[in-house]
Amino acid sequence: MEDEYVTRGKKILSILEQEIEDGEEMADAVKHIAEQLLLGEKGFASSDIRKNVVFDVTLGAETAKSSVDFVVSLDNRNAMVIKCAPGSLDSRERHIIAAARVLDVLPVPVAVVMDPMSAVVLDTATGKVTGEGFDAIPTKEQLGALLSGREPKPIAPEKLEREKRVLLAFDAIRCCLPRGGQGGVELT
């Protein structure tokens, strides 16, 4: 009987590993689309964009790693974060909002989650969707105009703690995105 359970466990692990590999390949394809879009249509320079940004999230005495795929900066200020993911975008919205609120001392104003077919753009302060589709991702000029009308404010400490918990919860349960130093869970 035990051999049957061991065999079943190995099969399940194999399926999960394949799902992770497929998800990583799709996420890589989406990252390529995002980078080309930012550098092309959206008018950003490569110096405006940081890729595969890993950051520490400290909650109590514990520190974990999380990540976003792109951080777009203007005038030495983080302006937009992007997470590329396969699958349903609406299930990723809360994750990118939490990441945008936790990434730096000041929240990053614009959060984007995208897949190969579409994108959802969110206002980090309100958590509300401001646009859908690749056309909704702001150009460098539009993002600059948006930043000029806002004075950045830090998140209240108690709200920041909640956001960290949300972020780490999403990082812990995701299985079709890169893991390890970039967040996520390791299958052993």
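1. Let me begin with L167. Leaving aside residues up to four places away in sequence, L167 touches F55, V57, S66, H95, A98, A99 and V102. Please keep in mind that this is a predicted model.

2. L167 is also one of the residues that touch the most other members of the largest nonpolar core, along with F55, V68, V81, I96, L103, A111 and L167's other partners in that group; the core has 22 residues. At least two residues of this core come from each of β1 (49-59), β2 (62-74), α2, β4 (110-114), β5 (119-123) and α4 (157-173). The largest share is from α2, with 6 residues. Another core lies apart from this one; it has 21 residues, including V30, F70, A79 and M80.

3. Helix α2 deserves a careful look. Why is α2 (residues 93-102) largely enclosed by the rest of the structure? Because 9 of its 10 residues are buried. Those buried residues are E93, H95, I96, I97, A98, A99, A100, R101 and V102. You will notice that charged names such as E93 and R101 are on that list too.

4. Next comes P109, which sits in the loop between α2 and β4. Is P109 buried or exposed? With a relative accessible area of 6%, P109 is buried, the cut-off for buried being under 20%. Not counting residues up to four places away in sequence, P109 touches R77, N78, A79, L122, D123, T124, L146, L147 and R150. As for D123, the C-alpha atoms of P109 and D123 are 6.2 Å apart, while the two residues are 14 apart in sequence.

5. Now the largest pocket, whose volume is about 260 Å³. Its lining is made up of 14 residues, and P107, T124, A125, K153 and I155 are the ones nearest the centre. Sorted by class, the lining has 7 nonpolar, 6 charged and 1 polar.

6. Finally, the overall picture. The protein chain has 4 helices and 6 strands, arranged along the sequence as α-β-β-β-α-β-β-β-α-α. Of its 188 residues, 41% count as buried. Among contacts with a separation of 6 or more, 60% are between residues 24 or more positions apart. The accessible surface of the chain is about 10200 Å², and carbon and sulfur atoms account for 53% of that surface.

Note on methods: Residues are numbered from 1 along each chain as its sequence is written. This is a predicted model: local features need pLDDT of at least 70, side-chain atom pairs count only at pLDDT 80 or more; totals for chains, interfaces and linings use all residues. Side-chain values use heavy atoms; hydrogens and water are left out. Buried means under 20% relative accessible area, exposed over 50%, partly exposed in between (1.4 Å probe, protein chains only). On a 1 Å grid over the protein atoms alone, a cavity is a set of points where a 1.4 Å probe fits but cannot get out, and a pocket is an open set with protein on both sides within 12 Å along at least five of seven lines; lining residues have an atom within 4 Å of a point. Grid points are joined across faces, edges and corners, and a volume is the space filled by probe spheres set on the points. Contact means heavy atoms within 4.5 Å. Accessible areas come from the Shrake-Rupley method with a 1.4 Å probe; for residues, only the protein chains shown count as cover. A nonpolar core is a set of buried Ala, Val, Leu, Ile, Met, Phe, Trp, Tyr and Cys residues joined through side-chain atoms within 4.5 Å.
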